[in-house]
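Here are some worked exercises on reading a protein model. Try each task yourself before you look at the solution.

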There are 4 protein chains.
Amino acid sequence: MSATRYTYLGPEGTFTEAALRTLPEAATRELAPMVSVPAALDAVRSGEAAAALVPIENSVEGGVTATLDELASGEPLMIYREVLLPITFALLVRPGTELSAVKTVTGHPVAQPQVRNWLRAHLPDAVWESAASNADGARLVRDGRYDAAFAGEFAAARYGLEPLVTEIHDAQNAETRFVLVGRPARPAAPTGADKTSVVIWQRDDHPGALLELLQEFAVRGVNLMLLQSRPTGAGIGNYCFAIDAEGHISDRRVGEALTGLKRICPEVRFLGSYPRAGVTPGEVSAPRPGTSDGDFTAASDWLARCQDGRV
Amino acid sequence: MSATRYTYLGPEGTFTEAALRTLPEAATRELAPMVSVPAALDAVRSGEAAAALVPIENSVEGGVTATLDELASGEPLMIYREVLLPITFALLVRPGTELSAVKTVTGHPVAQPQVRNWLRAHLPDAVWESAASNADGARLVRDGRYDAAFAGEFAAARYGLEPLVTEIHDAQNAETRFVLVGRPARPAAPTGADKTSVVIWQRDDHPGALLELLQEFAVRGVNLMLLQSRPTGAGIGNYCFAIDAEGHISDRRVGEALTGLKRICPEVRFLGSYPRAGVTPGEVSAPRPGTSDGDFTAASDWLARCQDGRV
Amino acid sequence: MSATRYTYLGPEGTFTEAALRTLPEAATRELAPMVSVPAALDAVRSGEAAAALVPIENSVEGGVTATLDELASGEPLMIYREVLLPITFALLVRPGTELSAVKTVTGHPVAQPQVRNWLRAHLPDAVWESAASNADGARLVRDGRYDAAFAGEFAAARYGLEPLVTEIHDAQNAETRFVLVGRPARPAAPTGADKTSVVIWQRDDHPGALLELLQEFAVRGVNLMLLQSRPTGAGIGNYCFAIDAEGHISDRRVGEALTGLKRICPEVRFLGSYPRAGVTPGEVSAPRPGTSDGDFTAASDWLARCQDGRV
Amino acid sequence: MSATRYTYLGPEGTFTEAALRTLPEAATRELAPMVSVPAALDAVRSGEAAAALVPIENSVEGGVTATLDELASGEPLMIYREVLLPITFALLVRPGTELSAVKTVTGHPVAQPQVRNWLRAHLPDAVWESAASNADGARLVRDGRYDAAFAGEFAAARYGLEPLVTEIHDAQNAETRFVLVGRPARPAAPTGADKTSVVIWQRDDHPGALLELLQEFAVRGVNLMLLQSRPTGAGIGNYCFAIDAEGHISDRRVGEALTGLKRICPEVRFLGSYPRAGVTPGEVSAPRPGTSDGDFTAASDWLARCQDGRV
């Protein structure tokens, strides 16, 4: 077991590595690229790594299902950090290649829809073939199998390539959210700008019951930030939901909403409370009136007095 | 101060006295009729009486506003018992009076709509004048002011009258609910068939917000048994709500619903948790799945484990 | 049948008559006082009167149950106007009577709680006895049975009394709402500041289902202005609800909410759409986004296009 | 333009082709495999094909994002049919290959998690490399690039391979849902077991508003069968929702729910009403009381009578 090793979705040169390097502690860790999200997370489960950084959501492609499904099943893990990384591509070529000479291009399948318009405009005749990762695409270009690869500009040096074009992205604001995952432990203290992730399974097999689940949050004034349905594997029509809620498990409104879910769902998996990326506590709107910790404490005190007849 | 005196809405011979006498402890108490609901309750507030029995709801006439308003304002009081009494009237006359000789009838204004059809059918020409109470009507008949009075049959002997007709009631199932009210103290332990009464004031001045209040109950699976709006005195359009909910304040689902209300309402007045009349614990339907005390405890334990990272 | 006769809750000199006289058309109608709300309304039902003005709600005492129950049952009637009248009392005495000579006072039972504080402060020893109406109390003072009566100042002249004290009212903003009731007909066109009244019965016999009823309004953005529960007569725990909603039945959001209620309630009684008293169209807040008639029309048009495949 | 050409997600030999061939009309159509979901759908948009069959949801992998996103954007299309196909894999090899000789395997990335356990148990040392499709994997095995491919058993003959092992599937009940997509037209008449698909965008940028959207369905008694969030492309935290609801757009409850959504959402895209696969009308539960077409018609009639004063 290594407390100093962090795994990540490899290979080297991917956006995941770039995201990982935005964390200050990354400088003092051994960073180990893994071939897949499951491999990165299994290393954490087995104790070979202290944590793993994996993508969980992309603003163009949506949820990263491998990550969502790995977190929802198997030995429990918890999220401790999130990283938001703007996604912009460079077209990497072997030094000296000109744009007109690019006949074949590669990249991760997720990259394709993000550069499709650019391709239509600038390389309408180039043939796209998918690679296992953006970095892998770069490697294949270095090895001569393709003429160019879409990848992060930071990957160029690693593979001896040069960025022919940079800042390629069809969608404005394209970004990917990554999470730092570890074995379960007490969540860090709330910062005032926190997020809580859970996966919940429905009691009934019809999604109509989803309304009830959302009301457990709404009645306590907890805002939802993400709701992502995932199949449970029991056939079409059976779903669980990955939910990100505003606030920290130690916030009374969040805690009560979670117990409400726990009571009506056959299973609730707590995935952690952690600081929100890209938001400072000052930017978080105040809780709805009546839902602050002080409001909860005052109401509990009042209830105790009522139970004692001191009304 | 007298721990042995119970006041009630008098005078003697009213349905309220009859209701009071259904309570076993009434046999060992000094029962003191009072001229009004406020007088009966003020005697409790001042310590002159240990408790007061007053009507709170009639199945024909609705809520007894004097009682609702007295409980909602002034020095706090609490409900400890409820009594349901079927309401059926007798036509009381001076001995020897025949039906054909009845030209004037009296009774409490509340009695009138409950005997109106009977009057139309049997005494279409009799003139009705209201009395301050049914018992007072009997007294006025005794004194010769009216020919007949509608009252409980039990009032006949007290006023030297005889019941000419009995079992008069236009509405089937007419009944009145009475409550035994005392100074605030710890509620009796739950029996398994309990009721909790509160008065709540709305945060906003538009009744649309009522939906939010009801959701505090619904999301915790607490059924409502009564919702009665009352003016707050601040002008048309300003209301508070007297609410009876199924369950006991010591039931976790009820306690959490009450704290939810407390947090979003400017004022919540707890009026007590007490056994339901006319229902045995075996007749109470089981709480909605996920809302038993065991479910609450299990969920709280789970939350504590999550907060500790033991997921 | 008389198209020119308006009945009202008499006798002459009551606040109801004062309210009726605020209506411009009252000047050209025969105004007929009736002994009770049912009598006033039955005259309309039978065709003896074109309309009746009756009190429906008092800001101190709450709903006028006789009116609510009469409108909820029997031959249907509809509300065409409402009148809001500030309620302030005068202490009427026979000319020459001084305050110190007032030993007995009378008035309508509803008046008592509105002058109780004043009595405590200024006539602590006076004995109160209730009269059938405020005007009736004035008559009894004229006849020498009581020393003083609480009534509207306007009643003094009619009974040869003089107002010894005026502007008596314990509660600030005390006012009574009256409604002008006629036989069913097409409601007046919307004014932009309208109100719709209905009585609804619940499908289930537990008031928990009330939440569903309120959601029919909420989901269409219709605000509620009044919700008053009334017993159905089928025993304690069985209620119907008198509801006032903002808007006119010809507003699409109101119409759709009403059909929603109609579909899930065993009975819905439409009591009319009529101008709100005391509010001009300019003071009414705009409908919630997405709930204007234009929004409804646009959505219906869109639905028709979808059904035709023109998306 | 060809009214007889159906495109599908190719190449030949995929599960999509197998699904397409379950449709009776496929026998009389020219079936054209396309390299991608966008290509298959663009052929419909351009008029080169009458319809396209594409996968939309997999019970193991979840929503097919390419399909969801293509339907949610660009020139409108509509769904006319759905096909449910059980997914079970065969391990295809060149004739004569024995299991012990399989060192490299391939298949579509989506296939991998569905055969992972089987691989661990039976070919723990085999190296997996993804192919562009299951059928493409079979082609690569034929060409000698890999030793074995996971694909549908039906693909064996097409590529001159033989199924070494069949009925491989880690998950029980694995199935994929396909939809037949055409240019917008009037939906087929309801069958009694129908489904309606829409994509909705939220007014606010916080998913808390999702509760409001779901209430538009719930209040009209419309059950949801699928809710899938997709990024709008405007950055993390901005989602639209693909929703499948029970019923047909011509069902009044569905139509009213859709107009409710249309009124509060900045955009609603109707994707069609079509027969549910795998369910006969007799298996569909009756609509919630009060939500049948008859209930809607009766309520509309009642509303019209109220508007006319015929109550």
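**Exercise 1.** Find how far apart the end C-alpha atoms of residues 5-183 of chain A lie, and what share of the span is helix and strand.

*Solution.* Step one: the end C-alpha atoms of this span lie 13 Å apart. Step two: the span is 26% helix and 34% strand, where helices (H or I, at least four residues) and strands (E, at least two) are DSSP runs numbered from the N terminus. Step three: in the UniProt record, an unreviewed entry, residues 5-183 of chain A carry the annotation "domain: Prephenate dehydratase". UniProt positions follow the numbering used here, feature names are shortened, and annotations may be inferred rather than shown by experiment.

A word on the model: it is predicted, so local features need pLDDT of at least 70 and side-chain atom pairs count only at pLDDT 80 or more, while totals for chains, interfaces and linings use all residues. Residues are numbered from 1 along each chain as its sequence is written, and chains are lettered from A and ligands numbered from 1 in the order in which they are written.

**Exercise 2.** Work out how many residues of chain C and chain B are in contact, and which elements of chain C take part.

*Solution.* Two residues are in contact if their C-beta atoms, placed from the backbone, lie within 7 Å. Begin with the count: 35 residues of chain C meet 35 residues of chain B. Next, look at the elements: strand S11 (175-182), helix H7 (210-218) and strand S13 (224-231) of chain C each supply at least two residues to this side. S13(C) gives the most, with eight residues.

**Exercise 3.** How far apart are the nearest C-alpha atoms of chain B and chain D?

*Solution.* They are 14 Å apart, and these chains do not touch.
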